[in-house]
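Work through the exercises below with the sequence and the model at hand. Each task is followed by a solution in steps.

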Amino acid sequence: FNIKNVSVKDIKRGYVASDSKNKPASGVSDFTAQVIVLNHPGQVSNGYSPVLDCHTAHIACKFAEIKEKVDRRTGKSTEDNPKFIKSGDAAIVLLTPSKPMCVEPFSQFPPLGRFAVRDMRQTVAVGVIKATTPRLPRASRPRPLTRPSRRNEMLSRGNQSLHACLLRMGIKLRKFKTFP
């Protein structure tokens, strides 16, 4: 589709279009999802970081916490805080993306609520997003106190040979200040 004043070159992989006035799209700091492991040769445990394919984005996400193992068909909990999950298991997992990622719960917006977990060039799991935690804007950090530059600091200590050395190298000092 076409949008006024937006070039095709401005749009990159993973970008999402949304209504700016009514709930604009934003990144998430983490999200809870129901994951079904299809084909993984080993075990999936906390700290596992595969690539998630969600809409057009391909972003590495960390399995921060496996909250509970659930039944695939009914969705009822079978085990709380399991150490690992393996092929054929379903679990509720807390995932943390490595880069800003725009996703939504499956119940609110299905296209942004489903994903595939890829590792070793194959799909190892699929999942749906149950809940998200919006990313908070960074607080403005105070600027560090400014110090005189290293060159001025050395000159103020009486290191005149540095000034002579800089002149030999062809570097001229614009202002030669000495500090009391």
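On a 1 Å grid over the protein atoms alone, a pocket is an open set of points with protein on both sides within 12 Å along at least five of seven lines, a cavity is a set where a 1.4 Å probe fits but cannot get out, and lining residues have an atom within 4 Å of a point. Grid points are joined across faces, edges and corners, and a volume is the space filled by probe spheres set on the points. The model is predicted: local features need pLDDT of at least 70, side-chain atom pairs count only at pLDDT 80 or more, and totals for chains, interfaces and linings use all residues. Residues are numbered from 1 along each chain as its sequence is written, and side-chain values use heavy atoms, with hydrogens and water left out.

**Exercise 1.** Describe the second largest pocket by volume and lining.

Step 1. The second largest pocket holds about 220 Å³ of space.
Step 2. Its lining includes Val16, Asp19, Lys23, Cys102, Glu104 and Phe109.
Step 3. Sort the lining by class (nonpolar: Ala, Val, Leu, Ile, Met, Phe, Trp, Tyr, Cys and Pro; charged: Asp, Glu, Lys and Arg; polar: the others, Gly among them).

**Exercise 2.** Find the cavity of 30 Å³ or more and characterise its lining.

Step 1. The search of the whole structure returns one such cavity, and the largest cavity has a volume of about 30 Å³.
Step 2. Val35, Val37, His40, Val44, Tyr48, Phe63, Val117, Val124 and Ala125 line the largest cavity.
Step 3. Eight of the lining residues are nonpolar, one is polar and none is charged.

**Exercise 3.** Trace the salt bridges of Lys69 with Glu79 and Asp89.

Step 1. Apply the rule: a side-chain nitrogen of Lys or Arg within 4 Å of a carboxyl oxygen of Asp or Glu. The count is five salt bridges.
Step 2. In the pair Lys69 and Glu79, the closest N and O atoms are 3.7 Å apart. Lys69 is in strand β4 (residues 57-70) and Glu79 in strand β5 (residues 77-80).
Step 3. Asp89 also meets Lys69, at 3.6 Å from N to O. Asp89 lies in the loop between β6 (84-85) and β7 (90-97), so this pair ties together parts that are 20 residues apart in sequence.
Step 4. Salt bridges with shared partners join Lys69, Glu79, Lys86 and Asp89 into one network.

Terms used: Helices (H or I, at least four residues) and strands (E, at least two) are DSSP runs, numbered from the N terminus.
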